[in-house]
Amino acid sequence: MRIFKRLCPAAVFLILFVLINFLLNDALIPYQYPRVKIHTIETQTFDDLVVGTSHSFSAINPEILSSSTGRSCYNASVGSQFPRDTLYLLMDACRSHRPGRIILEYDPAYLVDADRAFVNERYFVQCMAPSFVKLKYFTDCALDSDFRVALMPWIGHRGELNGIRRNLQIKKSDAWKKYGIEPFDDGRQRMTQQGQMRIASSEFNPAPPDLNQFSPDEIQDNLDDLNRVLRFCNREGIPVVIVTTPIPAETRDAHTDYYEAAHKLMEDIAASHDITFLDYAWKGDSRLDDATENYSDLEGHMHEEAADRFSAVLAADLNTL
Amino acid sequence: MLSFVSLGFILFFLLCFAGYYLLPGKMQWIWLLAFSWLYYLLAAGPGLIIFLIYSTAVTWCGGLFAERGFKAAVPVTLLLDFGMLAALKYTNFLVLNLNTIFGTHLSIRTLFLPLGISFYTFQTAGYLLDVTWKRCKAERNFFRYALFVSFFPQIMQGPIGRYDRLSSSLYTAHSFDVNRFQRGLIRILWGFFKKMLIADYAAQYVNTIFDPASAFYAYGIFGVLMYSAELYADFSGGIDIVLGAAEILGITLDENFRQPFFATSITDFWHRWHITLGTWMKDYLFIPLTLSTWMGRFGKWCRKHLGKTTGRAMPVCVANIIVFLVVGIWHGPAWHFIVYGLYNGLIIAVSGLLAKPYRTWKKALHINDKSNAFHLFQIIRTFILVNISWYFDCSETLGQAFRMMRASLHAPFFSVTFVNPEAPGQCLLHFATILSGCAVVFLISILRERNIDVRGRILSLPVSSRVVLLLMFVFILGMLGCYNDFGGFIYANF
Amino acid sequence: MEQLLEILEDIQPDADYETCTTLIDDGFLSSFELLSLVSELEETYEIRITPVDLIPSNFNSAQAIYDLIQRLQK
């Protein structure tokens, strides 16, 4: 009885903590792409699975790839997907729906940028179905990170109080229950059923890209994670093709050394794993128009029409492998 | 890795705590040693633990030899112990200065600094001297001694412990005590409060202003005030977590802070700030230095040539300046740290020399030095002097410190949104959080200065109120607390 | 004893040396003043004070200081 009396306040605290946390998560965390994408790769098998960052999210149209290659395709790329996230997404997919081939998009900024945003990873973890992979992912990310983000994931969105109403509406809707893509359509960009982000050609952000000094010595963690991804695919017997999506010519001209160094780095990594590397950024491609009008910003996020043309070129190159 | 604010550390500590109270009393210290070494392996990496073991072994042996009367034990051990610290921390500084002065071209190498080396080196040296001066007996059991050296809550940023005091609680059996657990927990949460609501936000201002290439270097006065908030909240917050964690395990560590900004003089400040460093310097450097033979001869010379009053104070002044020179060097291998130390040392030395004249002047001016007004004057004066010293502590070079001090005299008015002009609302919120946090700390400090047991008062509230308070507190840390994915503490790099 | 009290008054006149027994414990004598005192005592009484002697119980009262001087003079 004494022990029960002692533990009671602690138990009450824990229950209330979990409850309030649950409510805050519901209210503050918006409906985001990873929820749909992770559910898709956990429940469907694809011959080709595209993984990577926001660049491939907009640049690669799985429908066009499919119709050219004859292989089913899904675009599981999303912004803030670092190599470690890619690893766990693939591990999650392979639990029961192993993909036939991986098209891994390499954005040098993600290797150079050591500052992984744990809040985003935390969301990826949250979206996964309970499994040993989810536990491993959580352990890999959470132990080194602030305990508040690990235990209270809503703090990544604590400033977004005016989004609460919309969040709660979506979470009561059919789209939420069926992992629908309708809430992502905001008139300027929308996500397709195959996972591509289609950006309207009217969209353009002229801000110059924020490219850090390319110094691979300082981002060993990200490089190690990338190698873990490639070794995992090798062990599972899944072929990999590494792709760097095209960039505007003016960005390439302004940062030639950066993309030169990035190309060299990935060339070496791909060679060491005996993997094909298709780099459409480094020297451009004569089949593609790299004028700025094809992009929604100088970083390289493609408009939908340009993305379709690029996807056709990529599919043709994949067919020759 | 395993920063105090990480989930990993919390789980690590919970595991330690659970096993600790499930084990029989005799095994508890062994469990702590295992966790302390494990903590060091995880936090610092397997390569660096050899340095910790090295210092442990060298000073343990040194203590045993010193107790047996081997005269060489102390100098040899101190050389080996401090020598390692000097080699790792100060070699590059020495090389750079030799190159500058003598035009040599010696190369510098990237040297790693083992976690906590500045703290455990001093702690082990203190043990050796205590044994030599018969203040405590040498510890015969290597592993018991190893726990004293590596006890994980204090390894990263102190407090610098004394063997005679620590051994009374470190090795004894402890049974779980709810009250002690709650007190420790409150202390840990208080540390998180200071770190997350004050230190991390203030750091953004300090880093922006004191960046060597900063366009805002004229905001020095605001910068040092923010640094006062940041350094105190970060360091004392970290120490609160350390002491709270130790308290939960039934172990009493020495206090390191005692409302330092209520100090009435620089001397008093160093009795309230980083207390264990100050007492270490006093007991192991200042006093032996002052009482040494050659200092005695110097004192005689001073009395002969400078008169009795100045003569008796001079050895103490010189010793004091030397001690603060060492304090400056302890902070880091750079000239601005040395000047930081000397600045403090000189102020104390001069005020010591002028103690008698001060008394005469105060009498002549009819100043009542027991009045509240004078007390307030002393506090404000000390606060200003301390903030000036931060120019030297915070800048990366001496040149930068002086440049900023000059520019501070012509500081323009500015809005606090300069640190992130694209998000002014956020800046204002963060700044308001700093001010509110400081206000809370100030109130608690006043209560603590009057020896009011704040934690006791909280624990006397009904259980339901305490549960609600705890929930509110945790969610305030989430809602308002600064977060980033690094969570490092300033003094964890020493 | 008279001479000792004179020295003490000169270094720190604010303490009551007739009755106080917590000169060190209650901070009436700061480290600076204590060591200035030690320097003066060594000169005046031709004694040698070492760190081992520098414990609160030897300096907490004028009487304790006097007793220490007597011990060291032997």
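**Salt bridges and interfaces in a predicted model**

B:Lys195 and B:Asp234 form a salt bridge, with their closest N and O atoms 3.1 Å apart. B:Lys195 lies in helix α9 of chain B and B:Asp234 in helix α10 of chain B, so the pair ties together parts that are 39 residues apart in sequence. A salt bridge here is a side-chain nitrogen of Lys or Arg within 4 Å of a carboxyl oxygen of Asp or Glu. Helices (H or I, at least four residues) and strands (E, at least two) are DSSP runs, numbered from the N terminus. B:Lys195 is buried, at 2% relative accessible area. B:Asp234 is also buried, at 3%. Buried means under 20% relative accessible area, exposed means over 50%, and partly exposed is in between (1.4 Å probe, protein chains only).

This is a predicted model: local features need pLDDT of at least 70, side-chain atom pairs count only at pLDDT 80 or more, and totals for chains, interfaces and linings use all residues. Residues are numbered from 1 along each chain as its sequence is written, chains are lettered from A and ligands numbered from 1 in the order in which they are written, and side-chain values use heavy atoms, with hydrogens and water left out.

Stay with chain B. It is divided into domain 1 (7–176), domain 2 (179–253 + 415–493) and domain 3 (261–408). These bounds come from an automatic or database domain assignment. The C-alpha centres of domain 2 of chain B and domain 3 of chain B lie 28 Å apart. Where they meet, 21 residues of domain 2 of chain B are in contact with 20 residues of domain 3 of chain B. Contact means heavy atoms within 4.5 Å. The size of an interface is often given as the accessible area lost when the parts come together. Between domain 2 of chain B and domain 3 of chain B the buried area is about 1900 Å², and carbon and sulfur atoms give 69% of it. Buried area is the accessible area (1.4 Å probe) that two parts lose on being put together, summed over both.

What charged pairing links these two domains? The count between domain 2 of chain B and domain 3 of chain B is 1 salt bridge. B:Arg272 forms a salt bridge with B:Glu449, with the closest N and O atoms 2.8 Å apart. The interface of domain 2 of chain B and domain 3 of chain B also has 7 residue pairs in polar contact (both at pLDDT 80 or more). A polar contact is a pair of N or O atoms within 3.5 Å; within protein, one must be able to donate a hydrogen and the other to accept it, and residues adjacent in sequence count only if both atoms are side-chain atoms.

On the side of domain 2 of chain B that touches domain 3 of chain B, α9 (178–210), α10 (220–248) and α19 (424–449) of chain B each supply at least two residues. The largest share of that side, 9 residues, comes from α10(B). By class, that side has 16 nonpolar, 3 polar and 2 charged residues. Ala, Val, Leu, Ile, Met, Phe, Trp, Tyr, Cys and Pro count as nonpolar, Asp, Glu, Lys and Arg as charged, and the others, Gly among them, as polar.

Now turn to chain A against chain B. The contact takes 31 residues from chain A and 29 residues from chain B. The two chains bury about 2400 Å² between them, 71% of it on carbon and sulfur atoms. In chain A, the residues that lose the most area to chain B are A:Phe147, A:Arg148 and A:Arg158, together 28% of what that side buries. This interface has 0 salt bridges. It does have 10 residue pairs in polar contact (both at pLDDT 80 or more). Helices α1 (2–28), α7 (118–127), α8 (132–142) and α9 (147–151) of chain A each give two or more residues to the side that touches chain B. The largest share of that side, 10 residues, comes from α1(A).

Within chain A, A:Asp92 and A:Arg95 meet in a salt bridge (3.0 Å, N to O). A:Asp92 is buried, at 1% relative accessible area, whereas A:Arg95 is partly exposed, at 40%. A network of salt bridges links A:Arg84, A:Glu121, A:Asp140, A:Asp225 and A:Arg228. Over all chains, the structure holds 42 salt bridges.
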